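Thanks for asking me to look this one over.

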Amino acid sequence: MAAAQGRLSDGAGGMDDANEGDRDESRSAPLPFRAAVDALRTARLRPQIEIEPTPAPKRLAPFAYALEATVVDGDQDLADGRLVLLHDPAGHDAWHGTFRLVTLIRAELESEMAVDPLLPDVCWSWLTGALQARGLTYGEPSGTVTRASSHYFGGLAERPATSQIEIRASWTPREGLGGAPDSGAHLAAWCDLLAQVAGLPPAGPGDASVVTLPQRRGPQSR
């Protein structure tokens, strides 16, 4: 299984420096935040998901840590996403807690799936179901599920139309002993969601009832 801390992207345009700054900041961060970040860095995930740190937003909370992930099948990318851990030691009225997880997930769709009127509701249920399947307690969930289609004209007219699903969501993880949430388990649940959207088969025998999107024809080459 692949470790969550992963590798840095080549040619990241300052990503190395940004993550070095994040490490310096994390050493002076509150202990609950440091514990939550350590759990993200050491989580063990299914091998089809490549995950690595990425610069975190600086304006959403006093402390933040971000990861980006890609679901890979051979040399093809099936889906990608970003997960951000936010922490405000003073608490946040909208969060009803001191931590918040924010995510963006995107994947290509088969055309017949894109027109399914129930698709947004199903995708949202995958998020809540992934958290519940791992026994995680959370609050204040919110988000959007968006479908987008692209049609090509003129010099691009030979390209087939494409459709994409995008999930944007956030939730407040329950804080455990020491004030830190079980961020490693939340990351695992997030990866379960990412794998479902990508159309991967269930990871274990206990997940056989989980319905996933069928794998898209012609996913993006790496």
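**Notes on the predicted model**

1. Let's begin with the chain as a whole. Of its 222 residues, 42% count as buried. Please keep in mind that this is a predicted model. Among contacts with a separation of 6 or more, 67% join residues 24 or more positions apart.

2. Next, the secondary structure. The chain comes to five helices and nine strands. Read from the N terminus, the order of elements is β-α-α-β-β-β-β-β-α-α-β-β-α-β.

3. A word on confidence before the details. The pLDDT averages 79 over the chain, and 76% of the residues score at least 70. Helix α2 (residues 31-42) has the highest confidence, at 94, while strand β1 (residues 2-3) has the lowest, at a mean of 38. Across residues 1-21 the pLDDT is below 50, and the model gives this stretch 46 contacts beyond near neighbours in sequence. Residues 205-222 also stay under 50, with 52 contacts beyond four places in sequence. I would ask you to read both of these stretches with their scores in view.

4. Now to a helix pair. Helix α4 (residues 119-133) packs with helix α5 (residues 183-198) at an angle of about 145°, and their axes are 8 Å apart. The crossing of α4 past α5 is right-handed. On the α4 side the contact is made by C123, W126, L127, A130 and L131, and on the α5 side by H186, A189, D192, L193, Q196 and V197. By type, the residues of this contact are eight nonpolar, two polar and one charged.

5. As for length, the 15 residues of α4 should span 21 Å at 1.5 Å a residue, and the end C-alpha atoms are 20 Å apart, so the two agree. After α4 comes G135, which has a positive phi near 70°.

6. In α5, 15 of the 16 residues are buried, so the helix is mostly covered. From its first C-alpha to its last, α5 reaches 22 Å, close to the 22 Å expected at 1.5 Å a residue. Just after α5, G199 takes a positive phi of about 90°.

7. Where does I105 sit? I105 lies in strand β6 (residues 97-109). I105 is buried, because its relative accessible area is 0%. Leaving out neighbours within four places in sequence, I105 is in contact with D80, G81, I165, E166, I167, W190, L193, L194 and V197. I105 and V145 are 40 residues apart along the chain, and their C-alpha atoms are separated by 9.6 Å.

8. Last, a residue of another strand: A79, found in strand β5 (residues 76-92). Is A79 buried or exposed? A79 counts as buried, because its relative accessibility is 3%. A79 touches A69, T70, V71, R106, A107, L194 and A198, not counting residues up to four places away in sequence. From A79 to A195 the C-alpha distance is 8.0 Å, although the two are 116 residues apart in sequence.

Terms used:
Residues numbered from 1 in each chain as written. Predicted model: local features only at pLDDT ≥ 70, side-chain atom pairs only at ≥ 80, totals over all residues. Heavy atoms only, no water. Axes fitted to C-alpha atoms, helices over the stretch in contact; angles between N-to-C directions. Helix = DSSP H or I, 4+ residues; strand = E, 2+ residues; numbered from the N terminus. Left-handed = near helix turned anticlockwise from the far one by under 90°. Contact = heavy atoms within 4.5 Å. Nonpolar A, V, L, I, M, F, W, Y, C, P; charged D, E, K, R; others polar. Expected span 1.5 Å × (residues − 1). pLDDT = per-residue confidence, 0-100. Buried < 20%, exposed > 50% of the residue type's maximum accessible area, 1.4 Å probe, protein only.
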